Amino acid sequence: GSTIGIIGGGQLGRMLAMAAAQLGYRCHIYAPEADSVAAEVAARFTRAPYEDAASLAAFAGAVDVVTYEFENLPVSALAPLADRLPVHPGFASLKTAQDRLAEKTFMRDLGVRTAPWRAVSDQADLAAAAAEIGLPAILKTRFLGYDGKGQARLMADADIATAFDAIGRQPAILEGFVDFEAEFSILMCRAADGACAFWDAPTNVHRNGILATSIVPPGPLVAAQAEQAREIARRAGEALGHVGVLTLEFFAAPDGPVFNEMAPRVHNSGHWTIEGALTSQFENHIRAVCGLPLGATDIVGRRVTMENLIGAEAEGWAEILADPTAHLHLYGKDEIRAGRKMGHVTRLEV
Ligand code: ATP
Ligand code: MG
Ligand code: MG
C-alpha cells in the first residue's frame, strides 16, 4: 500500500488519516507540535519545524504523495518536496489562500464580489483606507489569522489610531463591513481530472469569530445563492489547478453572495459530511489526492446539524451521549483551553 504524507498535526489531519486508513492507506504526519492529535491515529510521525530541510527531505523519501491540513505553511521551505512528489493541493492554491491580499486580488481578477478592501502596510495606509472605505470596517492580518484572531474592528474614528497596533503592526488588509443576512460555505472537492463534486452548502453561525454551528440544507436565501457561489468555486478551482477539497466562505447579502475567504483544505463547516453525506469531505479529499474517483456527496436524511465543542463545552460529552442519535467526536486534545476546538457533535434528522 502507499503512504500519504500529511503536513499539519491537528484535528483535520486526524480525520483525514482516519478516512485514509479506511481506504487502506498509511499516513505519515509531519508537524512541529509534540502532542499532535493527528499523529495519534497515523502510522508515522515526524515532529520537526516546517522549515527543517533535512527532516522534510526524509519525509519526502518516506511518502508517495503529500497533502496538508493547514495552509499557514512556509511555501519556500516546502518547494523541494514538490520537486520529488505530487503535492495536492498545489502551491498556487496554498500561496493564494494563505495570504488575504493574494486571495482578494485573485478573486477580484476573477470578477468575484468581495467586501471593499485596501492593502495596509502602515498607519498612514490605514488612515487613507479608512477614509476611502468608511467605517465600520475590519482590519485583518494578511497572514496566519484564524478563528477571528489577528483582526481588529473599527467602529468609530478613534479606532483608526489603535487598530494597527492592536494587530501587531503586521501587513494587513482593511475590509468594509458586509451587511449580511447569513453566512455559508461552499464545500467542493476537485479531482485530478477536473471533475468537481459539491456538498450541500452549510449555513454557518459564528460566535466570537469562531464557527459554532453548521446546518444543512440551508434556508431559502442561501439556497438561492449557492449555485452562483458554486460557479465561483468551480472557476477558482480551475484557475488554481486545485486537487482536493477547496472551501469558500461567503456572506449571503440581500442582493447576492459576497466572497469572504477560502481554505485549500477540508474545513470545519464540512464536518457534518462524516455521517451526514454519502461520502465525507475527508474521504473525498483522500480520493482526490490519490487520483481515485470521487464518491457521491448527497446529504443523508432531511437535515444535519454540526455543533462545535469549544473549550469547556467538551465537558458536556456525557449529556451528548445520552442522546443515542448524536454522533460525538472528541479530538483527543489533552488540555481544555478557552476558544480551543475540542470536538464536535453531529445530529441527523432522517
Ligand atoms: P476562520 O476561522 O474561518 O479562518 P478567520 O479568522 O480567517 O476565520 P474571517 O472568516 O475573515 O476570519 O472572519 C471571521 C468572521 O468575522 C466571519 O465569519 C464573519 O462572521 C465576520 N466577518 C469577517 N469579515 C467580515 C466583513 N467584512 N463584514 C462583516 N463581517 C465579517
Ligand atoms: Mg480564515
Ligand atoms: Mg473564516
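1. Helix α10 and the residue that follows. Just after α10, G291 adopts a positive phi of about 75°. The helix itself spans residues 281-289, and nine of its nine residues are buried, so α10 is largely enclosed by the rest of the structure. The buried residues are Q281, F282, E283, N284, H285, I286, R287, A288 and V289.

2. The structure is a predicted model. The protein chain has a mean pLDDT of 97, with 100% of its residues at 70 or more. For the complex, the predictor reports an ipTM of 0.99 and a pTM of 0.98.

3. Domains 1 and 3. The protein chain divides into domain 1 (3-87), domain 2 (116-176) and domain 3 (182-349). The centres of domain 1 and domain 3, taken over C-alpha atoms, are separated by 22 Å. Their contact draws 18 residues from domain 1 and 17 residues from domain 3. On the side of domain 1 that touches domain 3, α1 (11-22) and β4 (65-68) each supply at least two residues. The most is given by α1, with seven residues. By class, this side of domain 1 comprises 11 nonpolar, two polar and five charged residues.

4. The shell around ligand 1. Domain 2 and domain 3 both contribute residues to this shell, so ligand 1 lies between them. Of the 17 residues around ligand 1, those that come nearest are A115, Y146, D147, E175 and V178. Strands β6 (137-141) and β14 (256-263) each provide at least two residues of the shell. Its make-up by class is five nonpolar, five polar and seven charged residues.

5. The loop between β6 and β7. D147, which is among the residues that come nearest to ligand 1, is located in the loop between β6 and β7. Although D147 is not a glycine, its phi is positive, at about 50°. D147 has 16 other C-beta atoms within 10 Å and is therefore partly exposed. L144 lies in the loop between β6 and β7 (151-154) as well. L144 also has a positive phi, near 75°, in a residue other than glycine. Because L144 has 12 C-beta neighbours inside 10 Å, it counts as exposed.

6. The largest nonpolar core. This core holds 79 residues, of which I6, L16, L139, L174, L248 and F250 touch the most other members. Helix α8 (residues 220-240) gives the core its largest share, seven residues. Leaving aside residues up to four places away in sequence, L248 touches S185, I186, A229, I232, A233, A236, F259 and M262.

7. Surroundings of L73. L73 is placed in the loop between β4 and α3 (75-84). L73 counts as partly exposed because it has 18 C-beta neighbours inside 10 Å. Not counting residues up to four places away in sequence, L73 touches I7, Y50, Y68, L78 and L94. L73 and L94 are 21 residues apart in sequence, while their C-alpha atoms are 8.1 Å apart in space.

8. Cis peptide bonds. H88 and P89 are joined by a cis peptide bond with omega of about -5°. P89 is found in the loop between α3 and α4 (91-97). The peptide bond from V216 to P217 is cis, and its omega is near -10°. P217 sits in the loop between β12 (210-216) and α8.

How values were computed: Residues numbered from 1 in each chain as written. Chains lettered and ligands numbered in written order. Predicted model: local features only at pLDDT ≥ 70, side-chain atom pairs only at ≥ 80, totals over all residues. Near = placed C-beta within 6 Å. Helix = DSSP H or I, 4+ residues; strand = E, 2+ residues; numbered from the N terminus. Nonpolar A, V, L, I, M, F, W, Y, C, P; charged D, E, K, R; others polar. Domains from an automatic or database assignment. Core = buried A, V, L, I, M, F, W, Y, C linked by C-beta atoms within 7 Å. Buried ≥ 20, exposed ≤ 12 C-beta atoms within 10 Å, placed from the backbone. Contact = placed C-beta atoms within 7 Å. pLDDT = per-residue confidence, 0-100.
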